[in-house]
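Visitor: I'd like a tour of this model, please. Could you tell me what the words mean as we go?
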Amino acid sequence: MAAVTRTPLIAGNWKMNLDHLQAIAFVQKLAWSLQDAKHDFDAVEVAVFPPFTDLRSVQTLVAADKLPLAYGAQDVSSQDSGAFTGEISGAFLSQLECRYAIIGHSERRSLHGETDEIVNSKTVAALKHGLVPVICVGETAEDLEKHGSAAVPVSQLRAALEAVSSDADIVVAYEPVWAIGSGKAATPDQAEQVAAELRKVIAESLGEDAAARTRILYGGSVKAANIAGFMREPNVDGALVGGASLDVTEFSNIVRYQKHVGV
Ligand code: PGA
């Protein structure tokens with residue numbers, strides 16, 4: 001596989017937390033905290049994923065203060081426009097200068113019935129509108145027991161990448177469902193093993209170049225105290241952080257994993 005440097009990405013998935021006023025205060029504090037600490041945003045990219053209703057406010061703040069933070073949506077419609085009540089088009093999100101859209105988070109899969117086919121059509125829609133899809137895959141505790149850790153994420157990713165072109169810019173997030181919000185993270189070794197399998201899927205589906213450049217994140221109970229272990233693994237290029245992304249100090253410390261713990 002070609003040697004490339006992948007810029008690590010630390011992404012905060014806020015889920016259904018923080019309204020638009022709280023979002024403004026939070027993003028301001030986060031930027032100050034990281035700038036105070038002289039964080040090198042080119043070395044570790046930082047992105048937040050607020051609720052849809054916050055995105056316009058975040059866009060305005062980021063643009064006005066020229067903040068070096070990326071942001072994205074937590075979901076996107078597979079459709080461009082039309083009679084789809086409650087859905088949000090990728091076209092609207094790119095108008096708000098979102099860089100990313102999370103797709104197929106386990107909460108969307110389990111609570112909203114999102115199938116692999118839906119996840120694939122949303123991935124295609126995101127790319128069409130110039131968004132980088134952050135494709136989430138992961139096994140439940142039951143899958144883990146029945147099939148081991150990699151089988152389900154591998155088949156989910158294969159399905160998600162159907163008809164995606166080899167030059168597509170994507171991010172993959174490996175999030176074992178049993179580790180999300182449970183306080184029980186996977187071990188770095190477990191994350192690495194699945195991430196390595198997922199990179200093979202990218203190579204098969206999109207080619208070696210795509211496999212070499214695509215960032216694979218780990219997600220599930222990431223915090224400042226355990227991030228460094230994941231980041232030491234060769235196939236883990238960042239983290240998708242839920243609960244711990246809602247605390248400015250904790251999230252900044254995750255972003256600054258190189259400084260406070262050493263890698
Ligand atoms: P958690 O959530 O960090 O709270 O476990 C991760 C996620 O759902 O993306």
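Predicted model: local features only at pLDDT ≥ 70, side-chain atom pairs only at ≥ 80, totals over all residues.

Visitor: Okay, where is lysine 38 found?
Guide: Lysine 38 sits in the loop between H1 and S2. Its phi is positive, about 55 degrees, although lysine 38 is not a glycine.

Visitor: How do you know whether lysine 38 is buried or exposed?
Guide: Buried means under 20% relative accessible area, exposed over 50%, and partly exposed is in between (1.4 Å probe, protein chains only). Lysine 38 has 69%, so it is exposed.

Visitor: And what makes alanine 163 count as buried or exposed?
Guide: Its relative accessibility is 75%, so alanine 163 counts as exposed. You'll find alanine 163 in the loop between H7 and strand S6 (171–174). Alanine 163 isn't a glycine, yet its phi is positive, about 65 degrees.

Visitor: Let's step into H7. Why is glutamine 156 called buried?
Guide: Because its relative accessible area is 10%, glutamine 156 is buried. Glutamine 156 lies in helix H7 (residues 151–160).

Visitor: What does the side chain of glutamine 156 reach?
Guide: It reaches the backbone nitrogen of glycine 138 at 2.8 Å. A polar contact is a pair of N or O atoms within 3.5 Å; within protein, one must be able to donate a hydrogen and the other to accept it, and residues adjacent in sequence count only if both atoms are side-chain atoms. Plain contact means heavy atoms within 4.5 Å. Leaving aside neighbours within four places in sequence, glutamine 156 is in contact with Arg109, Asp116, Val137 and Gly138.

Visitor: Now for the rings. How many aromatic pairs are there?
Guide: Rings of Phe, Tyr and Trp (its six-membered ring) pair if their centres lie within 6.5 Å; planes under 30 degrees apart count as stacked, over 60 as edge-to-face and the rest as tilted. By this rule there are 4 aromatic pairs. One of them is phenylalanine 49 with tyrosine 100, a tilted pair with 6.1 Å centre to centre and 45 degrees between the planes. Phenylalanine 49 belongs to strand S2 (residues 45–49) and tyrosine 100 to strand S4 (residues 100–103), so the pair ties together parts 51 residues apart in sequence. Phenylalanine 49 and tyrosine 100 are both buried.

Visitor: Why do tyrosine 218 and phenylalanine 230 get a pair name, and which one?
Guide: Their ring centres are 4.3 Å apart and their planes are at 10 degrees, so the pair is stacked. The pair links distant parts of the chain, with tyrosine 218 in strand S7 (residues 215–219) and phenylalanine 230 in helix H10 (residues 227–231), 12 residues apart. Tyr174, Tyr218 and Phe230 form one aromatic cluster.

Visitor: How do you know whether tyrosine 218 is buried or exposed?
Guide: Tyrosine 218 has a relative accessible area of 1%, so it is buried. Phenylalanine 230 is at 2%, so it counts as buried too.

Visitor: What makes up the largest nonpolar core?
Guide: A nonpolar core is a set of buried Ala, Val, Leu, Ile, Met, Phe, Trp, Tyr and Cys residues joined through side-chain atoms within 4.5 Å. The largest one has 70 residues, and those with the most contacts inside it include Ile10, Leu69 and Tyr218. Helix H8 (residues 188–206) gives the largest share of this core, 8 residues. Apart from it lies another core of 14 residues, among them Ala47, Cys136, Val171 and Leu217.

Visitor: Last stop: why is leucine 240 called buried or exposed?
Guide: Its relative accessible area is 2%, so leucine 240 is buried. Leucine 240 is found in strand S8 (residues 238–241). Leucine 240 and phenylalanine 49 are 191 residues apart in sequence, and 9.9 Å apart in space, C-alpha to C-alpha.

Key: Residues numbered from 1 in each chain as written. Heavy atoms only, no water. Helix = DSSP H or I, 4+ residues; strand = E, 2+ residues; numbered from the N terminus.
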